[in-house]
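User: I'm new to this one and would like to learn how to read it. Could you walk me through it, feature by feature?

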Amino acid sequence: MSSTVTVHPTKGVRGIGLITVIAGIVMIVLGVGVWVVVSQTLSAEEITVSDDANMFAGQHVAGPFTAYAQAEVIDKHATEMADGKTYAQLDQDDPVRDSVMDASFLRASLFTSVVAFGVCALVIGLGIVFILLGSALRKLAGGPQVVIDSPSLTSEGGLSHAAHRADPVEPDRPGAPTTPAPPPERPSTRTAPEAPSTGTSTPPATSPTPPPSSPPASPSTPPENPPAAPPAGGGGSPTA
């Protein structure tokens with residue numbers, strides 16, 4: 001016999017899903033807000049990408065790509081000014097030392113804005129994932145109860161005969177010859193043929209009946225043809 005198990009939805013999962021959805025919404029709002037603040041602050045500096053930049057030449061710096069392009073141009077100009085040397089490699093009395101230092105500060109500020117834009121994008125992406133995850137949890141927790149028939153155990157501790165699984169079939173190895181299985185034998189339902197009928201029925205053989213025997217003659221009964229008496233007068237022989 002099998003027993004019935006009822007699976008109830010886990011309590012509290014819908015609440016966790018709701019909290020996850022709210023956290024995702026908050027992360028998206030904060031990410032978008034910080035992105036706008038950084039973009040407006042960077043745009044207020046009135047920085048324009050140099051004409052000799054590899055990309056976005058002449059565009060207003062207000063986003064992560066234009067900021068990165070301008071930082072690369074500043075590094076290029078500072079390296080040409082210091083003959084390939086960095087700020088730490090220049091002498092203390094070198095006249096270009098202050099200009100190289102200012103270029104380093106500008107590059108660092110622009111790269112900081114690029115990192116800020118990247119963090120905002122990461123937070124917005126995580127917020128979207130949280131919303132999807134919370135919605136999935138709420139949908140799973142809101143399902144109906146599920147009734148499952150589980151197999152019962154025998155007195156020896158094993159599963160009942162109905163709950164045993166069939167033995168797994170070993171898959172065919174590649175390259176191995178396959179032997180077709182013989183077709184199953186079907187029980188024969190044919191009967192022996194009957195003798196053809198000739199239209200005349202043969203009477204069954206009977207034993208011959210003996211003729212009736214005549215009763216024995218009684219001694220007191222006279223014969224049917226008595227012998228003739230001799231003629232009177234004696235002497236004469238009968239005439240043939």
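This is a predicted model: local features need pLDDT of at least 70, side-chain atom pairs count only at pLDDT 80 or more; totals for chains, interfaces and linings use all residues.

User: Is T20 buried or exposed, and why?

Analyst: The idea is to compare relative accessibility with a cut-off: buried means under 20%. T20 has 14% relative accessibility, so it counts as buried.

User: What does T20 contact, beyond its neighbours within four places in sequence?

Analyst: For this we look for heavy atoms within 4.5 Å. Leaving those neighbours aside, T20 is in contact with F130, I131, L133 and G134. There's also something to see with its side chain: a polar atom there lies 2.8 Å from the backbone oxygen of I16.

User: Okay, now zoom out. Which pattern does the chain follow along the sequence?

Analyst: Reading along the sequence gives β-α-α-α-β, and the secondary structure comes to three helices and two strands. Of the chain's 240 residues, 16% count as buried. As for contacts between residues at least 6 apart in sequence, 60% of them join residues at least 24 apart.

User: Which residues of α2 are buried, and what do they pack against?

Analyst: The buried ones are P64, T66, A67, A69, Q70, A71, V73, I74 and A78. They pack against α1 (13–44) and α3 (97–141).

User: What about nonpolar cores?

Analyst: In general, nonpolar side chains tend to be buried together in soluble globular proteins. Here the largest nonpolar core has 14 residues, and L42, V49, V61, A67 and L110 have the most contacts inside it. Helices α1, α2 and α3 each supply at least two residues of this core, and α2 gives the most, with six.

User: Let me pick V61. Which residues does V61 touch, not counting those up to four places away in sequence?

Analyst: With those set aside, V61 touches L42, S43, I47, T48, V49, T66, A67 and Q70. Look back at the core and you'll find L42, V49 and A67 listed there along with V61.

Technical notes
Residues are numbered from 1 along each chain as its sequence is written. Side-chain values use heavy atoms; hydrogens and water are left out. Buried means under 20% relative accessible area, exposed over 50%, partly exposed in between (1.4 Å probe, protein chains only). Helices (H or I, at least four residues) and strands (E, at least two) are DSSP runs, numbered from the N terminus. A polar contact is a pair of N or O atoms within 3.5 Å; within protein, one must be able to donate a hydrogen and the other to accept it, and residues adjacent in sequence count only if both atoms are side-chain atoms. A nonpolar core is a set of buried Ala, Val, Leu, Ile, Met, Phe, Trp, Tyr and Cys residues joined through side-chain atoms within 4.5 Å.
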